[in-house]
Structure formats: C-alpha cells, structure tokens
Amino acid sequence: MTLPWPPEFISANLSEASLLGHAMIAGAVGLIVIGLYAMVVERNLARIILGLALIGSGVNLFLVAVGYRADAAAPILAGSMAPTAMVDPLPQALVLTSIVIDVGVLALALALAIRVHEAFGTLDTREVQRLIAKAAAENDRGSPPHRPDQHVSPSVARKEREKRADIPRLEELM
Amino acid sequence: MVAAAVLSVVVMLAAAIAVVRARNFLSAVAALSVVSLALSVLFALLKAPDVAMAEAAVGAGLSGVLLALAGYRLKLIGAPAAAHRAPANSAAALWTGVQPQPQQRGGGRFASLLFLAGLAVLLASVLASAPFGAAPMQVGQQIVAAAPGEVGTANIVTAVVLGYRGFDTLGEVTILFVAATAAGLVLGGAGITSGTRIPAMQPAGFILDRASRLLLPILLVLGAYIVLHGHLTPGGGFQGGAILAAAFIVPLLASPSGPFHHRLATFIEGFAGAAFVLIGLASLMDGKAFLTPLFGKGTLGAFISAGSLPLLYVAIGLKVGSELSGLLHRMLSPGSQP
C-alpha cells in the first residue's frame, strides 16, 4: 500500500535527498532567524544570550549539512572493510570544536550578565543604559541633584562650568 | 529517514520559538535543551556521529546546567521574594528586573519582523545555492582516501581534528581556556561588591543524593572509554571530557556544599594543556613539523594505533573535563574563588 503523501506533483520534483536538504536549510535558517529575533527585539540580557546560543546552533547545522553526501557512509572505518564513499569529515571536525567553543562563549556571556545584574540590579538593557548615562552625568557635574526635566542650554552650562574654580580652563593649562 | 529529519526540524523550530516566548527562564532553558537534542538527532541523520555526541553531551547537557545555575544567580529561578515584588499580572513576572513592558509601538515591531522575514528569505536563498548531497569540496575526499594509510585512525574525523588540523585544535583549546579564565575572572569578585547574598540552595533528598554518588563511577568509566577510543569509534576528547565533567558536577548539583578541589582541577587543566604542546614539540625534536603524529601508525583498528593521536585526545579530554567542571563549579558557588 502506498501512502497518499507526498502528492505526486511534489514527489516528481523532489528527490529524497533534495527534500532532506530543504529540511536542513529550513532548520538552519529558522534557528538563525529566531535567535536573531531574540537578540534584536528582546531587552532582557538573559533572553539575548539564549538567542545567541540559538544562532550558534543554526550555523553548526548548516555547516554539517554542507558536508553531507547522499548514499555515503559516516566517516568511520569498521573492521577491515574497504573504504567506500564517505561524507565530508572536514565540516564535522570544525563543528565539533565549534560546539565546545560555544559553551565557553555562553559561560563568559552569562558571567558578564551576572555582573551587570549585581551592579545595576536589572537585566533590562535600556534600564542599564539609562543608569549608566545617569551615573556619567552625575560624575560630570560633581554630583549636584540631577534633574533631567530641566533643560539647560549649552551656553548656560558653559558659564556655570566656568564659574567653578576646581576645573582648570584651557587657557590656564597652556 | 526523510520523515525523521522533517519531524526533528519541526520539533527543533517549535522548541526554538518556545525558547524565545517562554514565560519563565527555566522553561526557556529546558526548551533550549530540546533544541539541542533535536539537533543531535539531525546530526546523526546527516551521518555525523561525532558531532551528534558532542551536541548531546555539551549542548543538551552541560550548557543547560550552566544556564540554570546562571539563572539561579540572576534570581530568575527559585527566588520567590523577587517574583513576589513583580506585578502578578505581568507576563515577565519571573524575568525579574524587566520593567513591565510598555506596549511596544506597532511600527517598531512591524519593522523588525519585516527585517527578519527579509533576512530569512535572503539567507535561505543563499544557503540553498550550496549544492546539497554532493560535497562541494575536494579536500574532504582526499582526506578520506589518504587518512587510513597516513594517520592510521579508523575514525577519520579524529584524523582531521588531531592530525591534519592539530594546530587548529590547539587554538581551539586555547580559546576555551581563555573563555573559561575570563568567566572565572569576571565572576571572581561577584557577590562581594554589592553585598547581595545568593540564597543557599536546598539540600537534595536522600534518593537524589545517593543516586548521584552512584552515577560518579559509571560516568567516569564511560567518559574514559569514550576518550580512549576516540581514534576508533565516534567520540573522543571533547565528548568524553564533557562526560567526565558531568561525573563531577552531578554529585555537586545534588549537594552543593560537597567537596570540589579547585586547585586540583586547575593543575590537571594546566598539565593537560602543557602535555598537548609538549607532544607537539616532541615531533619537532624528531625533525618533523609541529604536532606530526609520532610512533608510527600501527594496525588500523587496533586499540594501540594511530601513534600519538590517542595521547593528544587524552590531553584534550582531561583539559575539557577539568575546565568545564571548574566553570560549572564557579557558577555554583559564588565568591568562593579569588
């Protein structure tokens, strides 16, 4: 008994190998795009790191798929068997090391995220950006009460800075 | 086979979407492990058993543990106090620290989705232009033809990793070392500066505790077997090293206050790295190029064959094992390591 799937107009165009190829490429592209979505849209550092891991997996899948050969054996000799056609071992060796490196990168990114969380108490990238800008502004002004709602024109700010004696002016330095 | 591949791809992509959309961090990590498992099935279907083993051991196993431990320290997991503070109706309640998301402007979201859809079409058309099923490179076929006679390994991926591209592998081990050192450096002072206390982990129950101790010798034997047979069967230093690391980490997960000799792990790591380089230098003494296999190639398929390649894989196995277990332990115990 033959299964009704795939329909004849599809099976006529797609050999088994090319169907496999399409599935692999769909998987690789899907992982890369979903991971990129997480990195572009999300603001939470933890989710951004998860997206990075997904992108790495997608690239690994593509690299191994490139080395695949239809009707070939895995690149391992068994017993005294004569070497037949084998899939390309080179991408496999590269991906083998890439998987281990991915873990190292993941650990480093997580360590940095932990430090960010300890320093700022949040993982939200915009919130961290705002806190950094605030800290920088306070450093700049010698920490007067910072009021972001009050707009100060550049000329007024310069005059104010010139009034302060602790900042040497350019002419004094020369 | 095609049906299995299509099914795995569907499961993998569904899990990947779950990673991005999951409501709490632990489910996202679990979904990422599902992605890795489906990926290792795909690697096996693509006739890459070495890569499938590495993905299953490292991707589905250790990186899940790594993420879960980091989530614990980020108070994304198991911190009821933090979850309490967040508004209960917010979907991001467990992703602490994220402000209740102000509704993102429709235009911005639409633009990023459009960009990603365009990128997907672009990537798919570029990747699909690589011929599938007919390996495009000549060098791979030449290696397959020459490796059994030149290097003498039954596993040709091992011949590439340690023989033909041994120098690359040295660089790769160095990258792993640098990443692990940097992570340790960044984490070193963590928990001290801000005065935040990581809540002590609950001790595991009797069954989990004993079972994890029972697993230790079994995992050690399995890891050592995989490392030592790297030149004959699928597997090798990377996969076996990950299993060796798991052997030491599983008991620690059951009882986090258990003993772990950081100094010993660091010593093994340095010793293994030095051994790799010294074996490479020994072939210079012999008048050959750096990292050329020594001692002749022996009979193909015998346990003692392929010259110095098994020694190199033992060095890699020890190095990867000690590095990953040290890394996980550092995630587990805040501020214990200078």
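At roughly what angle do the axes of helix α1 (residues 2-21) of chain B and helix α2 (residues 25-45) of chain B cross? In this predicted model, the answer is roughly 160°, with the two axes coming within 8 Å. Angles over 145 degrees count as roughly antiparallel, so that's what α1(B) is relative to α2(B). The crossing itself is left-handed.

What holds the contact's membership list? On the α1(B) side you'll find A4(B), A5(B), S8(B), V11(B), M12(B), A15(B), A16(B), A18(B) and V19(B). Facing them from α2(B) are A28(B), A31(B), L32(B), V34(B), V35(B), A38(B), L39(B), V41(B), L42(B) and L45(B). Sort these by type and you get 18 nonpolar residues, one polar and no charged.

## The chain as a whole

Take the contacts in chain B between residues at least 6 apart in sequence, and 66% of them join residues at least 24 apart.

Domain 1 of chain B puts 13 residues into the contact, and domain 2 of chain B puts in 16.

On the domain 1 side of chain B, the residues touching domain 2 come out as 10 nonpolar, one polar and two charged.

Key
Residues numbered from 1 in each chain as written. Chains lettered and ligands numbered in written order. Predicted model: local features only at pLDDT ≥ 70, side-chain atom pairs only at ≥ 80, totals over all residues. Contact = placed C-beta atoms within 7 Å. Nonpolar A, V, L, I, M, F, W, Y, C, P; charged D, E, K, R; others polar. Axes fitted to C-alpha atoms, helices over the stretch in contact; angles between N-to-C directions. Helix = DSSP H or I, 4+ residues; strand = E, 2+ residues; numbered from the N terminus. Parallel < 35°, antiparallel > 145°, perpendicular 65-115°, else oblique. Left-handed = near helix turned anticlockwise from the far one by under 90°.
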